[in-house]
Amino acid sequence: MSFVLTEEQESIRRTAKSFLGERAPVAHQRALRDAADAVGFSRDLWKEMASLGLLGMAIPEAYGGAGLGFAELGLVLAECGRTLVPTPLVSTVLLGASALLGGGSPEQNRALLPGVCAGTRILAFAHDEGPRFAPYAVAAKAEPDENGFRLSGEKTFVLDGHVADDFIVVARSAGAPADRAGLTLLLVPADAPGISVTRTHMVDSRNAARVRFAATPAREIIGRPGAGADVVDAVLDRATVGLCAEMLGSIEEVFDRTIAYLKTRKQFGVPIGSFQALKHRAAHLFCEIELSKSIVLDALRAVDAARPDLAAVASVAKARTSDTFVAVTNEAVQMHGGVGVTDELDIGLFLKRARVAEMTFGTAAYHRNRFAQLHGY
Amino acid sequence: MSHADSARAAQADGLASFRAEVRAWLVENCPATMRTPMNEDDEVWGGRRPVFDHPDQKVWLDRMAARGWTAPTWPREYGGGGLSPEQALVLTDEMHSLGCRRPLKSFGVWMLGPVLLEFASEEQKREHIPPIVRGEIRWCQGYSEPGAGSDLASLAARAALDGDDYVVSGHKIWTSHADRSDWMFCLVRTDPSAPKHAGISFLLIDMASPGITARPIRLISGNSPFCETFFDEVRVPRKNLVGHAGVGWTIAKRLLQHERALISEMRDNFPDEETLEGVARRYLGPAEGPLSDAALRDRIVQANMDFYCNKITLRRSAEAAEAGRGPGPESSMFKLYGTELNKRRRELMVEILGYQGLGWEGEGFAAGELARTRAWLRSRANSIEGGTSEIQLNIIAKRVLGLPD
């Protein structure tokens, strides 16, 4: 395990940072929001990111990617977190591509992954149905028929579901809702019959949708029927770790901005950062952030090494970054004072993103419970 | 692959063979009795009056010292192991995985040695470092005074030059194990007219010198790991001054960084300790499945997660520190977080024990229960000794975050 960046990794980080800093600063997200953009992200930007090789970073070369790993992809995600840029990285790369790599046939991967790397194909992974993250609480039905399956049910919080070219849907082919067994992953083109999509406008101005399937024909499955949970677990661990990397970038950015403010904002004739009441809180946050950074780096490397403790480490990472992201954004707003609650200042955008990211793939409490289960207590 | 990457790959190969070599040596040389869990009573501190409860303790110490592995990264010319930081981590890993005891606990190794290597004269290094490696001299720390706690630089112990000697008078407090130590590294005021940070010097004092009295202080845990030490016109040869007169504060701060790194690391070292969840299962049940008290279970998980994160942060910092570079201001973070976390875990442990965690002594309590209660009480000092948590927060705010005074 090495926490020190290689020259190649350092170069990837610099590329992502300068590109996003120039082309997609926080103002980019703000403009998309204010224009009520129908897509919700910039397809042009997405293709430019593809041409820089940022999308296929952790996808094998055989499928059009760079054949690197999550250690490298995590650097890109962290830089995205710094500017809050909305992209389909989570839906298409972290979830969609991971599902294909985890359970797809070589034919499926050859058909879909090159488009992912090129930025021409958007994937959406439809798993949740209830008000909170619950990966096995699946009632959507996959009923076998002569051509494969027929899919019926309703999915919620489907990231980028409103613009996806293909859905990967977690459905139940056997068992009762909440059973881990009996899940099947269906690959459904977005233009298949019986699909209705409602875009949901989230507080962080990112993109999600509620998707209803009514006897939608699904010819292709990913992985083995009834054994979908193995793929789902692997997908969610990878996606969770990747999301944590993005969250870390946002955490560092909002903290940097807050420290800079403490140094410049004057009250009572002195910079407010000279007050011990604020200094100590800032120093506490620094410690929490350093620990978050360590666990995210560790988790990214656990993905690449396929470590047996990946699931546990992913849960530690998500629990910690969720708590830290919420804490640092709450403090950032408070330390900015009145201007912190204005829409004009970017700090509030980080606060909103923190709340959504915290819920995505399970809250801190969810992951603490899972961690205990994994360790048998 | 870039040049740096291939260099790293070659280094990884070298580390793998080093690991195999270390493991083989440990298996051959570490006595079986020294691969059993250790209590505080089993600690070996060395010194002129060493206490060995078991002859194997001495065998193990001597073998490790002969390889310099009691101070793995120190230069070979002074008896150290000459290992790179990466190799030293491998040694620690392998000792941990084989359950080898730490052969020597030593403030000389953890605190004094690194600053001697950085600041002392060649003659001082040759005189003092090899006996530290061999565990022959036990050192204590003379920093705090009754009137100089968190405001350490206001210390008043006076050292006045008289011929070739300094004459030291004053009153030190919280001197760990002063009553059992052979030498003290001590902060003294050599120039009362200078600004407070500039008048301080770093002096090495033989505790056998006439005029020194050490008196143990009884703590809330019932133990007395600390002393008050009184100096009454103690003569100390001028050659025992480290660096120059007046630069003591620079050396003192450096040593504190090592001490903080150490205090946070020591929390990582309870090889014998049953896990929080293991104890919770025994005391609260059920025999299997989720622990019965869901709120307590959540706090146990939080403590375990934070423990893991702290551990890998220490590792990340060790990897980032290149050979020869000591701990920086981030050691304040480790001191702060490590000690606060340790207090939290100790408190949680006592809470899990319920009434059985409330015993002081005598019938009705197992030895392990009493030990955990005392360990909880002892842990309350963690965030005070070596610089309070509040001082660490000040250091982080100023030195790391650059917040203004």
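A:Val356 is partly exposed, because 15 other C-beta atoms lie within 10 Å of its own, and a residue needs 20 or more to count as buried and 12 or fewer to count as exposed. Please keep in mind that this is a predicted model.

Where does A:Val356 lie? Its place is in helix α10 of chain A, which covers residues 347-359. Leaving aside residues up to four places away in sequence, A:Val356 touches A:Met202, A:Val203, A:Asp204 and A:Arg206. Another residue to look at is A:Ser205: A:Val356 and A:Ser205 are 151 residues apart in sequence, yet 9.9 Å apart in space, C-alpha to C-alpha.

Chain A is assigned domain 1 (7-121), domain 2 (124-226) and domain 3 (230-374).

Let us step back to the whole of chain A. It contains 11 helices and 10 strands, and 53% of its 377 residues count as buried. Among contacts in chain A with a separation of 6 or more, 74% are between residues 24 or more positions apart. The C-alpha trace of chain A spans about 80 × 50 × 40 Å along its principal axes. Why does the radius of gyration of chain A, 21 Å, agree with a compact globule? It agrees because a compact globule with 377 residues would have a radius of gyration near 21 Å.

Domain 2 of chain A also has domain 1 of chain A as a partner. The C-alpha centres of domain 1 and domain 2 of chain A are 23 Å apart, and 19 residues of domain 1 are in contact with 16 residues of domain 2. On the domain 1 side, the elements giving two or more residues are α2 (26-34), α5 (89-103) and α6 (106-118) of chain A. The largest share of that side comes from α5(A), with 8 residues. Sorted by class, the domain 1 side holds 9 nonpolar, 8 polar and 2 charged residues.

α5(A) has another packing partner, helix α7 of chain A (residues 228-264). The two helices pack at an angle of about 145°, their axes 9 Å apart, and the crossing is right-handed. From α5(A) come A:Val90, A:Leu94, A:Leu95, A:Ser98, A:Ala99, A:Gly102 and A:Gly103. They meet A:Val231, A:Ala234, A:Val235, A:Arg238, A:Ala239, A:Gly242 and A:Leu243 of α7(A). This contact of α5(A) with α7(A) has 9 nonpolar, 4 polar and 1 charged residues.

The domain assignment of chain B gives domain 1 (3-112), domain 2 (139-247) and domain 3 (273-400), and 25 Å separate the C-alpha centres of domain 1 and domain 3 of chain B.

How do the chains meet? The contact takes 32 residues from chain B and 32 residues from chain A. On the chain B side, the elements giving two or more residues are α1 (3-29), α7 (276-284), α8 (294-320), α9 (331-353) and α11 (389-400) of chain B. α8(B) gives the most, with 13 residues. By class, this side of chain B has 19 nonpolar, 5 polar and 8 charged residues.

One of those elements, α9(B), also packs against helix α10 of chain B (residues 367-379), at an angle of about 145° with the axes 9 Å apart. The crossing of α9(B) and α10(B) is left-handed. Residues making the contact include B:Arg346 and B:Glu347 of α9(B) together with B:Arg372 and B:Trp376 of α10(B). The residues of this contact divide into 5 nonpolar, 3 polar and 5 charged.

Definitions and conventions. Residues are numbered from 1 along each chain as its sequence is written. Chains are lettered from A and ligands numbered from 1 in the order in which they are written. This is a predicted model: local features need pLDDT of at least 70, side-chain atom pairs count only at pLDDT 80 or more; totals for chains, interfaces and linings use all residues. Two residues are in contact if their C-beta atoms, placed from the backbone, lie within 7 Å. Helices (H or I, at least four residues) and strands (E, at least two) are DSSP runs, numbered from the N terminus. Ala, Val, Leu, Ile, Met, Phe, Trp, Tyr, Cys and Pro count as nonpolar, Asp, Glu, Lys and Arg as charged, and the others, Gly among them, as polar. Domain bounds come from an automatic or database domain assignment. Axes are lines fitted to C-alpha atoms, for helices over the stretch in contact, and angles run from 0 to 180 degrees between N-to-C directions. A crossing is left-handed if the near helix is turned anticlockwise from the far one by less than a right angle, and right-handed if clockwise. The radius of gyration is taken over C-alpha atoms; the globule rule is 2.2 Å times the number of residues to the power 0.38.
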